[in-house]
Amino acid sequence: MKITKIDLLYSDPVKDNWRPSFCRIYTDRGIYGDGEVALSYGGAKEAAFIEMKELAPMLIGMNPLEHEVIWQKLYRNSFFGKNAGPVIFGAISAFDIALWDIKGKYYQAPLWELLGGKQRDHLKAYASQLQMG
């Protein structure tokens with residue numbers, strides 16, 4: 001399986017200038033995965049989207065099931081990869097989330113199963129964006 005295309009979306013501004021960035025990675029098998037950069041406020045929101053635009057072409061032609069190979073390529077071959085901070089790691093993280101989405105669909109298994117198995121029966125929810133309504 002190979003990555004054939006990556007769409008990037010820099011959303012319209014939402015309440016309080018919150019503006020998330022998203023990616024969708026497509027494969028030659030018709031499977032796609034979605035990811036998001038967690039940096040959606042201040043100057044980081046533009047920087048994270050620009051970093052995604054810079055990194056995306058590096059993934060074309062790669063096997064989306066090889067997370068570590070892709071992560072290392074992005075980290076080692078991007079200008080700001082070494083000595084990186086939240087912007088580069090945010091962009092890499094968005095792609096990694098999309099790759100896990102693809103992997104779950106490919107193996108027809110939930111991510112908790114792919115990540116080592118169920119650990120709990122209950123989980124307390126945490127509402128971190130109450131200011132967003």
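Student: Which residues does phenylalanine 95 touch, not counting residues up to four places away in sequence?

Tutor: This is a predicted model, in which local features need pLDDT of at least 70 and side-chain atom pairs count only at pLDDT 80 or more, while totals for chains, interfaces and linings use all residues. Residues are numbered from 1 along each chain as its sequence is written, and side-chain values use heavy atoms, with hydrogens and water left out. With contact meaning heavy atoms within 4.5 Å, phenylalanine 95 touches Ile6, Leu8, Cys23, Ile25, Met52, Leu55, Ala56, Leu59 and Leu74.

Student: How many residues has the largest nonpolar core?

Tutor: In soluble globular proteins, nonpolar side chains tend to be buried together. A nonpolar core is a set of buried Ala, Val, Leu, Ile, Met, Phe, Trp, Tyr and Cys residues joined through side-chain atoms within 4.5 Å; buried means under 20% relative accessible area, exposed over 50%, partly exposed in between (1.4 Å probe, protein chains only). Here the largest such core has 25 residues, and Phe95 is among those with the most contacts inside it. Its largest share, eight residues, comes from α3; helices are DSSP runs (H or I, at least four residues), numbered from the N terminus.

Student: Where does glutamine 108 lie, and is it buried or exposed?

Tutor: Most residues other than glycine have a negative phi. Glutamine 108, although not a glycine, has a positive phi of about 50°. Glutamine 108 lies in the loop between α3 and α4 (111–114), and at 76% relative accessibility it counts as exposed.

Technical notes:
Helices (H or I, at least four residues) and strands (E, at least two) are DSSP runs, numbered from the N terminus.
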